[in-house]
Amino acid sequence: MSCLRAFGSHLPPRRVTNQELATLVGADPAWILEASGIEERRYAADEDTVAGLGLLAAQDCLKNAGAAAADLGMILVASGSSERFCPGPASLIAAGLGLASTPALDIPVASCGSLIGLSLASRLAPQCGPVLVIGAEMMSRRIDRTPEGKDTAILFGDGAGACLVDPQSGFARIADSLLATDGTAAEILKVEHRRLVMEGKSVILQAYRKMPRAINDLLARNTLAAADVGVYLLHQANLNLIERVAAGLKVPLDRFFINITRYGNTSSASLLIAADEWRRAHLEPITAPIVFSAFGAGINWGALLALPV
Amino acid sequence: METEARILKVLQSIKGNPVNPTPDESLFESGILDSFALTDFVAGLEDEFGISVPDSDLSARKFETLRKVAAYVTAKAS
C-alpha cells in the first residue's frame with residue numbers, strides 16, 4: 001500500500017488575461033472564455049526553466065509533508081515541454097534538492113504524465129521508499145501566439161505541481177490505478193519541432209469517451225460507483241470537457257475540483273496543481289474516495305483511486 | 001428518409017435550429033459544429049442510425065462534411 005502524503009505547487013507570478021492574449025491571436029476575449037472556461041493563465045519569465053518551476057513545486061511539497069529531500073527514494077518528473085529532451089528536468093531537480101545519488105527519472109508525456117507518475121510511484125514506493133512525483137510545464141514556449149495558433153494558444157499556461165507518495169503514511173491510500181495507451185491516435189496531440197500540434201476536435205472526441213470509461217472501469221473493479229466519490233481531481237484541459245465528463249458519469253459538477261479558470265491548461269502539471277489547491281482547502285481527514293484522471297499525448301489516459309486511510 | 005436528411009435531423013436537434021450545409025461544406029469552418037457539439041453529433045448519429053462508433057473512428061475528419069458523414073454511417077450500417 002502507498003499513500004498520498006502531501007502536495008505542492010508553484011505558479012509563476014505573471015498573469016496573462018484573455019484580453020492580452022486576444023490581441024495577439026486575433027480572437028474575442030469572450031470567445032476564449034466560452035470555448036475554454038479560462039479567464040487567465042500564468043506565463044513563466046524568460047529566465048525560468050521547466051526544472052526551475054519543478055524544483056519550487058518539489059520544495060513546496062516537501063515543506064507541506066514535513067519531509068526532507070534526503071528521505072526520498074526516487075523522483076519522477078513528468079513534462080511534455082522541457083527545454084531539453086535528454087537529460088530532462090528530473091536530474092536537474094534532484095540536483096537542486098541537493099541529491100547526488102537518488103534515482104530521478106523523466107516521464108516525457110504531456111498532460112497525462114503526472115497521473116502516470118502517481119501510478120508508478122504507488123507501485124515503486126514500497127520498494128524504493130518515498131517517491132516525489134512532479135509535473136512541470138512551460139507550455140507558453142510550445143504554442144504559437146499568432147492568429148494561426150489561436151486554438152492552442154488560448155488554452156495553455158505554465159506551472160508545476162508535486163505529490164509525495166509514501167509507502168507507509170499519508171492522508172489517503174492509493175488503492176488502484178488504471179493506465180492506457182493508444183498510439184494509433186498519436187498524431188492528434190503531439191509536441192513536434194518544439195511546437196504543440198493538436199487536432200482539438202479529435203482530442204475532445206477521444207477524451208470525452210475515454211476518461212469516463214476509465215473512471216467507471218476503475219471504480220467498478222473496486223466495487224464503487226461514480227456517486228460514491230467525494231472529489232474528482234482531473235487534468236485541467238478545458239472546462240467544457242470537465243463538464244462533459246461529469247455529465248457522462250452522471251455526477252454533479254460540484255464534485256469536480258476546478259481551477260482551470262485561473263491557470264489554463266498546464267498540461268502534466270495541472271493534475272497536481274489542482275490536487276494541491278484542493279488539499280489546501282480541505283485539510284481535514286478525508287471520508288470518501290478521491291479519483292484522479294487525465295488524458296493526453298500518446299495518447300495516454302487513465303484514472304487513479306485513493307481511499308480514506 | 002434519406003441518409004442526408006437523417007443526418008440533418010441530428011444536426012438540427014443539436015443546433016436547435018434548421019441548418020442546411022452543402023454536401024462538401026465543412027461543418028466546423030461554417031460554425032455549425034464546435035468541439036463539444038461534435039461529441040453530441042457523434043452520439044446523435046449512433047442513436048439515429050443504430051450504429052456504434054468505435055474509438056478508432058473518433059477522428060474529427062470523418063465527420064467534417066455531410067458527404068463524409070453519409071459515407072461513414074452508410075458503411076457502418078451495412
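This report describes the domains, the nonpolar core and selected helices and strands of a predicted model.

Residues are numbered from 1 along each chain as its sequence is written, while chains are lettered from A and ligands numbered from 1 in the order in which they are written. Local features need pLDDT of at least 70 and side-chain atom pairs count only at pLDDT 80 or more, whereas totals for chains, interfaces and linings use all residues.

**Domains and contacts**

Chain A is divided into domain 1 (2-166) and domain 2 (172-308), with bounds from an automatic or database domain assignment. The C-alpha centres of domain 1 and domain 2 of chain A lie 16 Å apart. Contact here means C-beta atoms, placed from the backbone, within 7 Å. By that criterion, 47 residues of domain 1 of chain A touch 43 residues of domain 2 of chain A. Elements that each supply at least two residues of the domain 1 side include β1 (2-10), α5 (113-128), β6 (131-138) and β7 (158-166) of chain A. Helices (H or I, at least four residues) and strands (E, at least two) are DSSP runs, numbered from the N terminus. The largest share of the domain 1 side, 7 residues, comes from α5(A).

The contact between the chains takes 11 residues from chain B and 13 residues from chain A. The table gives the class composition of two contact sides; Ala, Val, Leu, Ile, Met, Phe, Trp, Tyr, Cys and Pro count as nonpolar, Asp, Glu, Lys and Arg as charged, and the others, Gly among them, as polar.

| Side | Nonpolar | Polar | Charged |
|---|---|---|---|
| Chain B, touching chain A | 6 residues | 4 residues | 1 residue |

A nonpolar core is a set of buried Ala, Val, Leu, Ile, Met, Phe, Trp, Tyr and Cys residues joined through C-beta atoms within 7 Å. Buried means that 20 or more other C-beta atoms lie within 10 Å of the residue's own, exposed that 12 or fewer do, and partly exposed lies in between, with C-beta atoms placed from the backbone. The largest such core has 127 residues, and A:Cys61, A:Ile134 and A:Cys163 are among those with the most contacts inside it.

A:Cys61 is one of the buried residues of α3(A). Leaving aside neighbours within four places in sequence, A:Cys61 has contacts that include A:Phe7, A:Leu132 and A:Cys163. Helix α3 (residues 50-65) of chain A has 16 residues and reaches 22 Å from its first C-alpha to its last, close to the 22 Å expected, taken as 1.5 Å times one less than the number of residues. In α3(A), 12 of the 16 residues are buried, and these pack against β1, β4 (74-78), α4 (89-96), β6 and β7 of chain A. A:Gly66 follows α3(A) and has a positive phi, near 65°.

**Strands**

In β6(A), 8 of 8 residues are buried. A:Val131, A:Val133, A:Gly135 and A:Glu137 point one way from β6(A), and A:Leu132, A:Ile134, A:Ala136 and A:Met138 the other way. Strands pair if DSSP finds at least two bridges between them. β4(A) and β6(A) run parallel and are joined by 5 bridges, with A:Met74 opposite A:Val131. β6(A) pairs with β7(A) in the antiparallel sense over 8 bridges, and A:Val133 has A:Cys163 as its bridge partner.

Strand β11 (residues 231-234) of chain A is covered on both faces, with A:Val231 and A:Leu233 buried on one side and A:Tyr232 and A:Leu234 on the other. β11(A) runs parallel to β12 (residues 290-296) of chain A, joined by 4 bridges, and A:Leu233 stands opposite A:Phe292.

Methods:
Two residues are in contact if their C-beta atoms, placed from the backbone, lie within 7 Å.
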